Every structure is written in structure tokens, then in C-alpha cells.
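Dear colleague,

Please find below the sequence and structure that I am handing over to you. I would be grateful if you kept them open while reading the notes that come after.

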Amino acid sequence: MGWFSSWTHARRAHARSHDRAARACTGETGAAALVARESETSCANSAERNQTTTTTTTTRALQQCHEQHVLRPWYRDRAVESARSIDAVIVGAGPAGLATAACLKRRGLSFELLERADQVGSSWRNHYARLHLHTARNHSALPFTPFPKHLPTYPSRQDVVDYLESYAREHGLEPRFDTDVQRVARDGERWIVLATNGAWRAKHVVLATGYNRVPRVPVWPDRELFRGRVLHSRDYRTGKDFTKQRVLVVGAGNSGAEIALDLCEQGAAVSLCIRGPINVIPRDLLGIPAQAIGIATGWQPDAITDFIMRMASRLVFGDLSKWGIERKKKGPLRQILDEQSIPLIDVGTIRRIKKGEIAVVPGIERFTERGVLCTDGRAHKLDVVVLATGYTTGLATILAGLDDVLDAKGYPRAAPPEPSSPGLHFVGFANVPTGLLRQIAIQARAVADALGPPQLVVR
Ligand SMILES: Cc1cc2nc3c(=O)[nH]c(=O)nc-3n(C[C@H](O)[C@H](O)[C@H](O)COP(=O)(O)OP(=O)(O)OC[C@H]3O[C@@H](n4cnc5c(N)ncnc54)[C@H](O)[C@@H]3O)c2cc1C
């Protein structure tokens with residue numbers, strides 16, 4: 001009876017997705033949600049009556065029911081019936097979308113590249129001014145086009161923006177701007193992509209909307225009492241805006257550490273909130289980028305790589321516990337592989353911490369009118385709190401109803417499971433030890449391999 005429990009599970013999951021899709025379609029109000037739920041019951045019953053021999057068939061029946069009764073009415077309402085039909089739609093014109101578009105173009109495939117901003121590379125345009133790549137330029141380029149040779153090993157934010165602009169020009173990519181994709185749904189053998197200003201039907205959809213799309217903002221007690229300013233790192237531009245102010249940066253990821261450094265350089269009184277043990281690695285070892293070492297030693301067992309990184313870190317930084325930084329039990333490589341989070345790649349913050357110019361404080365217990373109370377019982381008076389607390393993908397909204405495509409944290413599963421999502425691709429969502437931009441180039445080529453005929457144009 002194994003198939004029966006799987007089927008029951010599939011059916012329950014399906015009922016939940018109906019509910020969610022119906023709510024998403026109707027904004028939680030009455031009729032359509034009710035119709036969707038009723039149709040689900042009747043379809044599930046008929047699927048039950050026709051219990052075929054395999055779970056897959058039943059799951060497919062439920063999926064079809066979902067499309068017929070929930071998704072179809074949803075896009076009919078929005079006059080999507082006239083959607084244009086093409087080979088592929090790429091959502092997002094950041095590095096991942098541009099790389100994929102360049103690869104598809106070489107294969108002669110027709111596609112639309114949809115971008116909600118009015119220029120390419122909008123994430124990089126909006127990052128803080130001090131930012132440089134922490135991966136080396138010769139391991140961060142998109143397919144076919146290296147970064148210009150005159151740039152430093154770690155190009156600046158503006159260099160990356162310029163590179164993306166010239167990449168789009170060189171490859172003749174013409175994104176459709178101001179086009180915010182709201183929903184991607186199955187439409188029989190094809191996919192339907194619904195944006196604020198149009199709709200497209202395609203055999204393939206590539207989601208390249210970015211790993212860092214929706215700011216994650218933790219909830220703390222009494223935050224509303226605080227009289228100072230609270231902003232997410234997404235809205236932080238430069239330390240010049242905070243000179244002489246008391247600023248707490250929350251989060252010891254790469255953004256948090258570099259923003260703390262920037263604030264310190266610009267004359268703010270900075271503290272960095274590190275609530276638990278972390279891994280810190282130097283950006284370069286004996287002048288060689290840590291990323292390059294990671295790539296070169298990819299063949300060796302993870303435990304050895306972690307041991308070497310640990311030794312290097314100890315050699316460069318010493319024991320950081322006296323400055324309030326405890327070492328994570330898990331090594332840097334295991335951290336990336338298991339948690340998809342990148343260790344702190346130091347670009348100068350640790351030196352400032354050791355000099356006492358950046359204070360390290362533990363986690364926040366609660367906010368007060370004048371600042372925060374930390375878990376060690378100490379209160380800190382503050383003017384500003386910068387939340388470098390990360391992002392989520394926001395994919396669950398765009399892919400509402402496609403329950404089995406995303407994991408519990410909203411990231412795409414490694415490979416979209418059959419039969420629910422053939423033709424749905426993700427580029428730029430896998431945090432790897434060798435750098436996300438490098439991985440994007442690999443994934444873009446892999447998507448093109450999956451979609452198109454052998455490459456015809458060779459350069
Ligand atoms: C501060 C910071 C520093 C980083 N430094 C490095 C580094 O040094 N090296 C490295 O390899 N990686 C780095 N990364 C990782 C980074 O995610 C990649 O460099 C790269 O920007 C990812 O490209 P992407 O195209 O996947 O996402 P993004 O650059 O975020 O591009 C996504 C695009 O999709 C568009 N979009 C989103 N939603 C929609 C929608 N619904 N409809 C239409 N368009 C949409 C956005 O407007 C955006 O243009 C860094 C990330 C951050 C946040």
C-alpha cells in the first residue's frame with residue numbers, strides 16, 4: 001500500500017496548493033477560491049475513482065485538475081489567451097539572465113528577456129558604493145566575454161555594472177524593461193509567464209531573478225520603540241551618510257562586515273553584531289585569491305580543504321575569540337555545502353576589529369527607545385541600525401501552486417522533479433565555494449545545452 005500513502009500525501013499537498021493558489025488568485029476573497037476548492041474536491045474524487053496503478057499517474061491527474069480549475073481561470077481573467085508563443089522566456093537581466101540569453105542566442109533560439117528595472121544589472125547598480133567583487137575577475141566572467149584586462153583582480157561595483165552593460169551590447173541582448181513578472185504557471189505542455197505589461201507562452205522558462213531578491217528582516221521585541229533609524233543593507237549606499245553617528249550593523253556575512261568597515265572608514269562609531277560562531281577566511285593567501293585555491297583543490301576531500309582553510313585562517317588572523325568572534329565548528333567548505341551560506345571573506349574588517357575601531361557585540365535581545373539590549377545584558381545607545389540579515393529568493397510568490405519545485409526555504413531544489421516541471425530552469429540560485437558568478441556561467445551554458453541544438457556559431 002506504499003503507493004496509497006504517497007498518493008494521499010500527494011493529494012493533501014495538492015489540496016494545500018489549490019487553497020494557496022486560490023487565495024493568491026482572489027486575494028483571499030470568496031467566490032473563486034470556493035470554486036477552486038470545490039473543483040479540487042470533485043477532481044480528486046474522480047482521480048480517486050479512477051485510481052490507476054501508479055502514484056505518478058494520479059499526481060499528474062491532480063496537477064491537470066489544478067491547471068484546469070485554478071490556473072486557467074486565473075490567467076483567463078487577465079486576458080492572457082493572446083499571449084505570444086516563443087521558445088523561451090528568461091526572467092531577470094542581471095548576470096544570470098544575460099549569460100543565459102547570450103548562450104541561447106548562439107543557438108538561434110527565440111526568447112524574451114524580461115526585466116523589471118529599466119536597465120540591466122539593477123542589483124549591482126544598487127549595491128553599496130564601496131563594494132568590489134570578492135571573487136577574482138578571471139573566475140567571475142560570463143560566457144564568451146572576459147572582464148577587461150586593465151581592471152584590478154577584484155573589480156569595483158561600477159566596473160561590474162559597466163561590464164554587464166557592455167556584455168548586453170556585445171551580444172545584442174535587448175531586454176524588455178519595466179516588465180515585472182508576477183507569475184509563472186504551467187499551461188499544458190508549455191509555460192505561461194504573466195508580467196505587469198504582457199504575457200508570454202513558452203516551452204522553457206528560465207528564472208534568473210536572483211538569490212538576493214527580497215530582504216530578510218528579523219523580528220525583535222520592542223523594535224517599534226526605537227527612535228533611531230533602521231535600514232536593510234539593500235538600502236545602504238555609503239558610510240558618508242552616517243559620519244559621527246553610532247551605528248550597529250547586524251549580521252556578520254560579507255555585506256555586514258564590509259558595511260561595518262565602510263562606516264568605520266567614514267568616521268562612524270560602529271559595532272558589529274555577531275550572534276554566533278562564524279568562519280572567517282582571508283580573501284587572498286600569499287597573493288593568491290582564496291577562490292582560485294578553492295577551484296584548484298576541488299578534487300581533494302572536503303575535510304582536507306577545510307583543514308587547510310582553517311590553518312590559513314589561524315595563521316592570518318590568530319585566535320579571534322578575545323575579540324568576541326568564536327570559530328564555527330563546521331569548516332568553511334562544509335558551511336557552504338550544507339548551509340548554502342558563504343563564510344566571511346575578510347577585506348579589512350578584522351584588522352579594524354583588532355585595533356578596537358569596530359566593536360563586536362553578541363545577538364540582540366530586544367530594542368529599546370535609545371538602542372538595543374544585547375544577549376549579554378549590555379545596552380547600547382544607537383542612532384542607526386543596519387540590518388545585513390540577508391535575503392530570500394521570493395520565488396514562492398512567482399511560482400505559487402508549484403509546491404514541489406522549491407525547498408522549505410524557498411530555494412529551487414537541485415533538479416526540478418519530473419513530471420511537474422519539465423521546461424522550468426533556474427540559473428543563479430546555487431551558492432558554491434567557487435563563486436556564484438562562475439557558477440552562473442556554468443549553469444547558463446548547461447541550460448542552453450538542455451534547450452537547443454548543438455552550437456552553430458563558434459568564436
Ligand atoms: C553585496 C553582494 C556582493 C556579491 N559579491 C559577489 C562576488 O564577489 N562574486 C560572486 O560570484 N557573487 C557575488 N554576489 C552574488 C550575486 O548574487 C551575483 O554576483 C550576481 O549578481 C547574481 O546574479 P543574478 O542575475 O542571479 O541576480 P541579480 O544580479 O540579483 O539579478 C536579478 C535580476 O532579476 C530582476 N528581477 C527580479 N525579479 C524580477 C521579476 N519578478 N520580473 C522581472 N525581473 C526581475 C532584477 O531586477 C535583477 O535585474 C554578491 C551578492 C551581493 C548581494
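The notes below cover the ligand, one alanine and the strands.

Please bear in mind throughout that this is a predicted model.

The ligand

I began with the surroundings of the ligand. The shell around the ligand is made up of 35 residues, and the closest of them are Gly92, Gly94, Ala96, Gly210 and Gly428. Sorted by class, the shell holds 16 nonpolar, 15 polar and four charged residues.

Alanine 101

Is alanine 101 buried or exposed? Alanine 101 counts as buried because 29 other C-beta atoms lie within 10 Å, and the cut-off for a buried residue is 20 or more. Setting aside the neighbours within four places in sequence, alanine 101 has contacts with Ile90, Phe111, Leu113 and Leu173.

Next, please turn to strand S18 (residues 384–387), which pairs with strand S7 (residues 229–232) in the parallel sense over four bridges. Within this pairing, histidine 232 has leucine 387 of S18 as its bridge partner. Strand S8 (residues 246–250) is likewise parallel to S18, and four bridges join S8 and S18. Here valine 247 is found opposite valine 384 of S18.

A sheet of three strands

Finally, there is an open sheet of three strands. In which order do the strands of this sheet come? The order is S15-S16-S17, and the pairing is antiparallel. Strand S15 (364–367) and strand S17 (379–381) are the edge strands, as each of them pairs on one side only. From one strand to the next, the twist averages 25°. S15 and strand S16 (residues 371–374) run antiparallel and are joined by three bridges. In this pairing, phenylalanine 367 has valine 372 in S16 as its bridge partner.

A colleague

Notes:
Residues are numbered from 1 along each chain as its sequence is written. This is a predicted model: local features need pLDDT of at least 70, side-chain atom pairs count only at pLDDT 80 or more; totals for chains, interfaces and linings use all residues. A residue is near a molecule or strand if its C-beta atom, placed from the backbone, lies within 6 Å of it. Ala, Val, Leu, Ile, Met, Phe, Trp, Tyr, Cys and Pro count as nonpolar, Asp, Glu, Lys and Arg as charged, and the others, Gly among them, as polar. A residue is buried if 20 or more other C-beta atoms lie within 10 Å of its own, exposed if 12 or fewer, and partly exposed in between; C-beta atoms are placed from the backbone. Two residues are in contact if their C-beta atoms, placed from the backbone, lie within 7 Å. Two strands pair if DSSP finds at least two bridges between them. Helices (H or I, at least four residues) and strands (E, at least two) are DSSP runs, numbered from the N terminus. Axes are lines fitted to C-alpha atoms, for helices over the stretch in contact, and angles run from 0 to 180 degrees between N-to-C directions.
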